[in-house]
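Please read these notes with the structure open beside you. They take up a few places in turn.

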Amino acid sequence: GALARRGRDVVVIDPAPHDPWKPTWSGFEDELVGVPVRHRWARTRVDLDSGPRIRDRVYVQVDKEALQRDLRAKVPRFLTARVQQRTDDGLALDVGPLRADLVVDCTGTAQVLADNPHPRAFQTAYGLTIRTRGAHPWDPDEATWMDLRGLATPPTFLYAMPYGPDRVFVEETALAWRPALPLSTLEARLHARLERMGVQIDAIEDVERCRIALDVAPHPGLAFGAAAGLVHPATGYLLARALTLADPFAEALEQPAVRDRLLQPRLRRLHLLGLETLLRSDGPATTAFFETFFRQPDWVRDAFLSSLPRLWSTTAAMSRIFVSAPAGVKWRLAAPLVSNPEPEVTCQVR
């Protein structure tokens, strides 16, 4: 859409362009400006063993059907086809050749146009939209962003978005694991958690299965979205950053230096150090890390978790977390840097 508005003759190649989008996308309202919203919560909540952390920051669930309609309307042409390979003058498709002056890989973490190693670290989640028998325990005005109480190994947490007194979306999530934690494990943990909480399922309205690659390798050519490494390795979020960068990326498409600054590879290195910390942590270590993390001021948490990150604020936030952490957490934060001082720049809504 951003390229079409600049007078480019744009063709989007998609093997199933009319299929409805499946993921449940959510995020903070102040990062999703102008995006159609299905539901909003006035507060977000994080539950730790030491007690809850509640914040007055509006959280929203995206109306994915409306967003898909809006974005499709901005693209003049779709071609139902599969990409086979790049050619000297465009692309080879399963329906024949396509000439193109410029090709941008937007194929997600599959990176169809890149000869890259497969990702190995994943966020996985298993979610249910349910009606409960009787009232559930979640406040309808609060989105439970992370319930981190009693973490086992491998650590998983609960994400809950209540739609009313007896209807809620609940999801068991493995934030980062290498290789991916099986969905069957998450499904079993979710049902066990609901049983411990006394939540009785009256009806299951929808099932969501989520698998987000967190360490996609850098793309050798032009790419955008997950294919370009825009997924946040520590949260899996992508949508807000992709929508925000679409216009400036289109404007800078023929300016490599500007384009690289937009994708911020140095910032990517910092986020990957955070990912490595999570991947090396069992349940108790993850608990200790998040107890430290959620004791920080709002600006520290926001700087690291933001879908619209900045290098300077992320660096400042990571430094403050390290300085204020107890010795055991310090060691885990430093371990990825000591074992791999110059990590490969390797590269999700959630």
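1. Basis. This is a predicted model, in which local features need pLDDT of at least 70 and side-chain atom pairs count only at pLDDT 80 or more, while totals for chains, interfaces and linings use all residues. Residues are numbered from 1 along each chain as its sequence is written, and side-chain values use heavy atoms, with hydrogens and water left out.

2. Asp 215. This residue sits in the loop between strand 15 (201–213) and helix 4 (239–251); helices (H or I, at least four residues) and strands (E, at least two) are DSSP runs, numbered from the N terminus. Asp 215 is buried and has no salt bridge. Buried means under 20% relative accessible area, exposed over 50%, and partly exposed in between (1.4 Å probe, protein chains only). A salt bridge needs a side-chain nitrogen of Lys or Arg within 4 Å of a carboxyl oxygen of Asp or Glu. The nearest side chain of opposite charge, Arg 178, is 4.4 Å away. A polar atom of the Asp 215 side chain lies 3.0 Å from the backbone nitrogen of Ala 121.

3. The second largest cavity. Its lining includes Met 146, Phe 157 and Phe 290. Strand 14 (167–177) and helix 7 (283–293) are the elements that give two or more residues to this lining. The largest share, three residues, comes from strand 14.

4. Ala 327. Ala 327 is exposed, with a relative accessible area of 62%. Its C-alpha atom is separated by 37 Å from that of Arg 209, 118 residues apart along the chain.

Definitions and conventions: Lys, Arg positive; Asp, Glu negative; His and termini not counted. Polar contact = N/O pair within 3.5 Å; in protein donor to acceptor, adjacent residues only side chain to side chain. 1 Å grid on protein atoms, 1.4 Å probe; cavity = no way out; pocket = protein on both sides within 12 Å on 5 of 7 lines; lining within 4 Å.
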